[in-house]
Amino acid sequence: MILTMATETIELPELKESIATSPPWAVVVHNDPVNLMSYVSRVFREVFGYSKQRAEKHMLEVHKKGRSILWSGERERAELYVQQLQSHLLLAKLERSSE
Amino acid sequence: MDFSFSRAKVFRFRKIHPLLAEFIRSIPDTIDPEQLSDEAQTRIFPGVTDEPDLDTMRSEWKAYVEPDLQEHFRSTREVVVADLKQMTESKGLLELQISPAHAEAWLNALNQARLVLAADLGFDEKILTTTEAPDITTEDGSRVFRLNLFAFMQQCLIDRMD
């Protein structure tokens, strides 16, 4: 018996379209009056591996503007970041990125 | 109460007045998931997104991610409970030691306790930022006092962990 492997290309038009139009996702941290600034900055460094300077820039943005986009990209990773931030009690949410 | 950090990297809160010790011992009850108010529950588990058309994402998050977060907070609380049982007393004052391996759990529990207390104060910025000494004989005054005490402890840990 001879086995042959199919080499045809299967088109998945719906899937292709869904991937093509999927927006990148933004990980947003919102301000709250409770979390210490030093704590927030520390969590940013721990979760994203940001430098102290970059972490503090985002922390100050949260503090002054009420929110900061910490990361944007594909959904699965963005969800993981939100989970990690929430495990540190930060007010983190996922948004469709407009960037 | 004073704070020190030993060569063995052990965090030590020493000479803790019994009243402060009582407040510190209240942390596990404050963050007990069974006792959280609705406001605190909403703040601790804020959900994944506020986008209006993503109900499926929200329900999946509730079903699959929130249990992991609950488990994380439960294990954090257990560490704190165990360390509190080890508090020692000398001449009427108490001492709390936190090993480096437990420091992250303490940071987390202190933060969680502060969020719960603030939620129970309605996140009222005027109350939260007051510089007046709170009246700890009132429920809200006690909450404000504990918020500040736990912030002090958090900052001590962060300063040394960095």
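Modeller: Helices (H or I, at least four residues) and strands (E, at least two) are taken as DSSP runs and numbered from the N terminus. Please keep in mind throughout that this is a predicted model.

Colleague: With that in hand, how many helices and strands does chain A have?

Modeller: Reading from the N terminus on, the elements of chain A follow the order α-β-α-α-β-α-β. Sorting these elements by kind, the secondary structure of chain A comes to four helices and three strands.

Colleague: And how many helices and strands are there in chain B?

Modeller: Along the sequence, chain B shows the pattern β-β-α-α-α-α-β-β-α-α-α, and its C-alpha trace spans about 60 × 35 × 30 Å along the principal axes. Counted by kind, chain B has seven helices and four strands.

Colleague: What share of the contacts in chain A with a separation of 6 or more comes from residues 24 or more positions apart?

Modeller: As background, chain A holds 99 residues, of which 32% count as buried, while in chain B buried residues make up 27% of 162. In chain B, among contacts between residues at least 6 apart in sequence, those joining residues at least 24 apart come to 64%. For chain A, with contacts at a separation of 6 or more, the share from residues 24 or more positions apart is 69%.

Colleague: Let us turn to the place where the chains meet. Which helix of chain B gives the most residues to the side that touches chain A?

Modeller: The contact involves 23 residues of chain B and 19 residues of chain A. On the chain B side, helix H4 (55-85), H5, helix H6 (125-128) and H7 each supply at least two residues. The helix that gives the most to this side, with six residues, is H5(B).

Colleague: How far apart are the end C-alpha atoms of H5(B)?

Modeller: H5(B) has 15 of its 21 residues buried, so the rest of the structure largely encloses this helix. After H5(B) comes B:Gly122, whose phi is positive, near 70°. At 1.5 Å a residue, the 21 residues of H5(B) should span 30 Å, which agrees with the separation of its end C-alpha atoms, 31 Å.

Colleague: Which residues of H2(A) are buried?

Modeller: Helix H2 of chain A covers residues 37-48, and at 1.5 Å a residue these 12 residues should span 16 Å, in agreement with end C-alpha atoms that are 17 Å apart. What covers its buried residues includes helix H3 (52-65), strand S2 (67-73) and helix H4 (75-87) of chain A, together with helix H5 (100-120) and helix H7 (139-161) of chain B. The buried residues themselves are A:Tyr39, A:Val40, A:Ser41, A:Arg42, A:Val43, A:Phe44 and A:Val47.

Colleague: Why is H2(A) described as oblique to H7(B)?

Modeller: The axes of H2(A) and H7(B) are 10 Å apart, and the helices pack at an angle of about 45°. Because angles under 35 degrees count as roughly parallel and those from 65 to 115 as roughly perpendicular, that angle makes H2(A) to H7(B) oblique.

Colleague: Which residues make that contact of H2(A) with H7(B)?

Modeller: The crossing of H2(A) and H7(B) is left-handed. H2(A) contributes A:Ser38, A:Tyr39 and A:Arg42, and H7(B) contributes B:Gln154, B:Gln155 and B:Ile158.

Colleague: Is the crossing of H2(A) and H3(A) left-handed or right-handed?

Modeller: These two helices of chain A pack with their axes 8 Å apart, at an angle of about 130°, which makes H2(A) oblique to H3(A). Among the residues of H2(A) in this contact are A:Met37 and A:Phe44, and those of H3(A) include A:Ala55 and A:Met59. The crossing of H2(A) and H3(A) is right-handed.

Colleague: Finally, is B:Asp32 buried or exposed?

Modeller: B:Asp32 sits in the loop between helix H2 (27-30) and helix H3 (38-44) of chain B. B:Asp32 has 12 C-beta neighbours inside 10 Å, so B:Asp32 counts as exposed.

Notes:
Residues numbered from 1 in each chain as written. Chains lettered and ligands numbered in written order. Predicted model: local features only at pLDDT ≥ 70, side-chain atom pairs only at ≥ 80, totals over all residues. Expected span 1.5 Å × (residues − 1). Buried ≥ 20, exposed ≤ 12 C-beta atoms within 10 Å, placed from the backbone. Contact = placed C-beta atoms within 7 Å. Axes fitted to C-alpha atoms, helices over the stretch in contact; angles between N-to-C directions. Parallel < 35°, antiparallel > 145°, perpendicular 65-115°, else oblique. Left-handed = near helix turned anticlockwise from the far one by under 90°.
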